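I opened this notebook to record what I looked up in one chain.

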Amino acid sequence: MMWVLIVSELLVFGAGLVAFLALRITDPTGFAEAQSHLHRVGAGINTIALVTSGWLAALAVQAVEAGRIARMRTLLAPAAALGMVFLVLKASEYADLAAAGISFETHAFFTFHILLTGFHAAHVLAGIVLLALVGILARPRAVETGAAFWHMVDLVWVLLFPVVYLL
């Protein structure tokens with residue numbers, strides 16, 4: 001069932017990215033100017049945080065499969081903590097945009113930025129909860145399932161980051 005969720009979420013994010021790119025073609029100057037308000041360094045740090053977190057989740061799967069429950073939990077805790085780092089940096093960016101008077105209605109770029117990254121942030125939060133739950137369950141299948149969801153969250157960010165922040 002988790003794979004059905006993962007594939008459906010990837011399709012939703014993919015559709016959002018395609019729509020974002022289609023609109024970008026219609027207003028490249030406006031999108032470039034809007035993009036200049038984003039926290040590119042913070043987004044880069046977030047990329048490192050999520051990729052590192054995914055690596056820790058993969059190691060946690062190996063640990064639980066080897067029967068090393070304490071090690072699995074020791075790996076999932078920082079994986080979840082790095083997810084929290086992501087959310088704090090994302091909240092900081094949203095707060096700065098709001099302080100500058102930027103909202104959904106400012107420009108189509110921001111409509112898509114807030115929708116795509118906000119939806120992704122909700123998935124990060126869900127993933128953090130899921131990592132905590134599978135860490136408590138400590139069953140190989142549960143940890144593998146939680147890590148698969150977390151890797152989907154990583155993958156989506158690895159696609160969002162260059163499209164929204166760098167292109």
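The entries below follow the order in which I looked things up.

**Entry 1: basis.** I worked from a predicted model, in which local features need pLDDT of at least 70 and side-chain atom pairs count only at pLDDT 80 or more, while totals for chains, interfaces and linings use all residues. Residues are numbered from 1 along each chain as its sequence is written, and side-chain values use heavy atoms, with hydrogens and water left out.

**Entry 2: fold.** I looked up the secondary structure and found 6 helices and 0 strands in the chain. Helices (H or I, at least four residues) and strands (E, at least two) are DSSP runs, numbered from the N terminus. The order along the sequence reads α-α-α-α-α-α. The radius of gyration is 17 Å, close to the 15 Å of the globule rule for 167 residues, so the chain is as compact as a globular protein of that length. That radius is taken over C-alpha atoms, and the rule is 2.2 Å times the number of residues to the power 0.38. I also noted the span of the C-alpha trace along its principal axes, about 55 × 30 × 20 Å.

**Entry 3: packing and surface.** I looked up burial for the 167 residues, and 44% count as buried. The cut-offs are under 20% relative accessible area for buried, over 50% for exposed, and partly exposed in between (1.4 Å probe, protein chains only). Among contacts (heavy atoms within 4.5 Å) with a separation of 6 or more, 79% join residues 24 or more positions apart. The chain exposes about 8,200 Å², and carbon and sulfur atoms supply 74% of this area. Accessible areas come from the Shrake-Rupley method with a 1.4 Å probe; for residues, only the protein chains shown count as cover.

**Entry 4: cavity.** On a 1 Å grid over the protein atoms alone, a cavity is a set of points where a 1.4 Å probe fits but cannot get out; a pocket is an open set with protein on both sides within 12 Å along at least five of seven lines; lining residues have an atom within 4 Å of a point. Grid points are joined across faces, edges and corners, and a volume is the space filled by probe spheres set on the points. The largest cavity holds about 40 Å³. I listed its lining as H39, G42, A43, N46, L89, K90, E93 and Y165. Helices α3 (40-65) and α4 (69-99) are the elements that give two or more residues to this lining. By class, the lining has 3 nonpolar, 3 polar and 2 charged residues. Here Ala, Val, Leu, Ile, Met, Phe, Trp, Tyr, Cys and Pro count as nonpolar, Asp, Glu, Lys and Arg as charged, and the others, Gly among them, as polar.

**Entry 5: K90.** Is K90 buried or exposed? K90 counts as buried, at 3% relative accessibility. Leaving out residues up to four places away in sequence, K90 touches N46, H113, T117, A121, W157 and Y165. N46 and Y165 also belong to the cavity lining. The C-alpha atoms of K90 and W150, 60 residues apart along the chain, are separated by 17 Å.

Entry 6: I then looked up the largest pocket, which holds about 150 Å³. Its lining consists of M1, M2, W3, R141, E144, T145 and A148. Two or more of these residues come from each of α1 (2-26) and α6 (140-166). Helix α6 gives the most, with 4 residues. The lining divides into 4 nonpolar, 1 polar and 2 charged residues.

**Entry 7: α5, the loop and α6.** I checked A126 in helix α5 (residues 108-137), and A126 is partly exposed at 37% relative accessible area. A138 sits in the loop between α5 and α6 and is buried, with a relative accessible area of 15%. Phi of A138 is near 60°, a positive value in a residue other than glycine. Most residues other than glycine have a negative phi. L155 lies in helix α6 and counts as partly exposed, at 39% relative accessibility. The C-alpha atoms of L155 and L5 are separated by 14 Å, at 150 residues apart along the chain.
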